[in-house]
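This report is meant for a reader who is meeting the structure for the first time.

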Amino acid sequence: MAQRNVVFAGEVALPAIGQGTWYMGENDRQRSKEVDALRAGIDAGLRLIDTAEMYADGGAEEVVGEALQGGLRDNIYLVSKVYPWNAGGKKAIAACEASLRRLKTDYLDLYLLHWRGNFSLAETVDVMETLIEQGKIRRWGVSNLDYADMQELWRVQGGKACVTDQVLYHLGSRGIEYDLLPWCQEQQMPVMAYCPLAQAGRLRDGLMNNSVVTDIARAHNATAAQILLAWVISHKGVMAIPKAGTVAHAQENAAALDITLTQEDLGRLNDAFPAPGRKTPLDVV
């Protein structure tokens, strides 16, 4: 079965499931397991790793840096994110350099504005261009920007160089389908779906234990989590970036790439968790 890919900047094709790192680096006793999980994901073909200076105050970046030792860096599309209060001028340069030190690398493949703050979009675009000129990053993008934000970015000089928008998206949170996702698809700009299995809590439990989801999982000899990932990446130009804390979990995530949901499956999931028929605020966690 052909593996589903997502193309970044019209040039880099990556499997439609990557690896997230939120909550990694928070417990030293889990560090070796987290490193092993990331390496298992790489071995299973999950070539994009997403992190951020926010995660464990840089601790997640350190975990990723350790996981990439031994010659793995060159095979990975490495993504990190800058705090909004660091997303301009000298602060952005310093923040990027600090991320690079923690990641033990000379460059990022992609650097994202984590969410909007006091720096204008123009200031952020300007410093992203500077970081590219300095060789510290290859491309840049944004996170947690809704449709109106993206229209504003598109009006900024250089704003159309943005190569992705990373937003919350899963079967129980489909608001981006109203305007943001169709617009990104028109621009051929990938959407990176964070929390593709929902956050821990009642919503996640409601998805994992839903009778439609579990019935479809049985039909595909898969887990509920794999069905939820397969649903996310069934949308054109969407990459899911779930976190895995163990080797088995990373391998389970990767195996979801081989699941193709039928039109009947998709229809049943749509009926169980319909998309909103009007504009809704962008979900953020």
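A residue is called buried when its relative accessible area is under 20%, and the term is used in that sense for helix α9, whose buried residues are Ala224, Ala225, Gln226, Ile227, Leu228, Leu229, Ala230, Trp231, Val232 and Ile233. The model described here is predicted.

**The annotated domain**

In an unreviewed entry, UniProt lists residues 17-270 as "domain: NADP-dependent oxidoreductase".

**Helix α9 and its neighbour α8**

Helix α9 is mostly covered, since 10 of its 10 residues are buried. These buried residues pack against the strands β9 (191-194) and β10 (238-240) and against the helices α7 (202-208), α8, α10 (247-255) and α11.

| Helix pair | Angle between axes | Distance between axes |
|---|---|---|
| α8 (residues 211-219) and α11 (residues 263-272) | roughly 165 degrees | within 9 Å |
| α8 and α9 (residues 224-233) | about 95 degrees | 8 Å |

With the angle given for the pair, α8 and α9 are roughly perpendicular to each other. Their contact brings Val213, Ile216 and Ala217 of α8 together with Ala224, Ile227 and Leu228 of α9, and by class the contact has 6 nonpolar, no polar and no charged residues.

The pair formed by α8 and α11 is, by contrast in its direction, roughly antiparallel, and the crossing of these two helices is left-handed. On the side of α8 the contact is made by Val212, Val213, Asp215 and Ile216, and on the side of α11 by Asp265, Arg268, Leu269 and Ala272. The residues of this contact divide into 5 nonpolar, no polar and 3 charged.

In helix α5, which covers residues 147-155, the buried residues are Asp149, Met150, Gln151, Leu153 and Trp154. What covers them includes helix α4 (121-133), strand β7 (137-143), strand β8 and helix α6 (180-186).

Strand β8, which is part of the cover over α5, runs from residue 165 to 168 and holds Gln166. Gln166 has a relative accessible area of 1% and is therefore buried. Leaving aside residues up to four places away in sequence, Gln166 touches Asp50, Tyr55, Lys81, Leu112, Val142, Ser143, Asn144, Met192, Tyr194 and Ile241.

One of these contacts, Asn144, lies in the loop between β7 and α5. Although Asn144 is not a glycine, its phi is positive, at about 60 degrees, and with a relative accessibility of 13% this residue counts as buried. Ala198, in the loop between β9 and α7, is another residue other than glycine with a positive phi, in this case near 75 degrees. Ala198 is buried, with a relative accessible area of 3%.

**The segment after α11**

Is Gly277 buried or exposed? Gly277, which is found in the segment after α11, has a relative accessibility of 73% and so counts as exposed. Gly277 and Ala250 are 27 residues apart in sequence, and their C-alpha atoms are 35 Å apart in space.

Asp283 is also found in the segment after α11, but with a relative accessible area of 37% Asp283 is partly exposed. Not counting residues up to four places away in sequence, Asp283 touches Leu168, Ser173 and Tyr194, and Tyr194 is also among the residues that Gln166 touches. The C-alpha atoms of Asp283 and Glu252 are separated by 26 Å, the two residues being 31 residues apart along the chain.

Conventions: Residues are numbered from 1 along each chain as its sequence is written. This is a predicted model: local features need pLDDT of at least 70, side-chain atom pairs count only at pLDDT 80 or more; totals for chains, interfaces and linings use all residues. Side-chain values use heavy atoms; hydrogens and water are left out. Helices (H or I, at least four residues) and strands (E, at least two) are DSSP runs, numbered from the N terminus. Buried means under 20% relative accessible area, exposed over 50%, partly exposed in between (1.4 Å probe, protein chains only). Contact means heavy atoms within 4.5 Å. UniProt positions are given in the numbering used here, feature names are shortened, and annotations may be inferred rather than shown by experiment. Axes are lines fitted to C-alpha atoms, for helices over the stretch in contact, and angles run from 0 to 180 degrees between N-to-C directions. Angles under 35 degrees count as roughly parallel, over 145 as roughly antiparallel, 65 to 115 as roughly perpendicular and the rest as oblique. A crossing is left-handed if the near helix is turned anticlockwise from the far one by less than a right angle, and right-handed if clockwise. Ala, Val, Leu, Ile, Met, Phe, Trp, Tyr, Cys and Pro count as nonpolar, Asp, Glu, Lys and Arg as charged, and the others, Gly among them, as polar.
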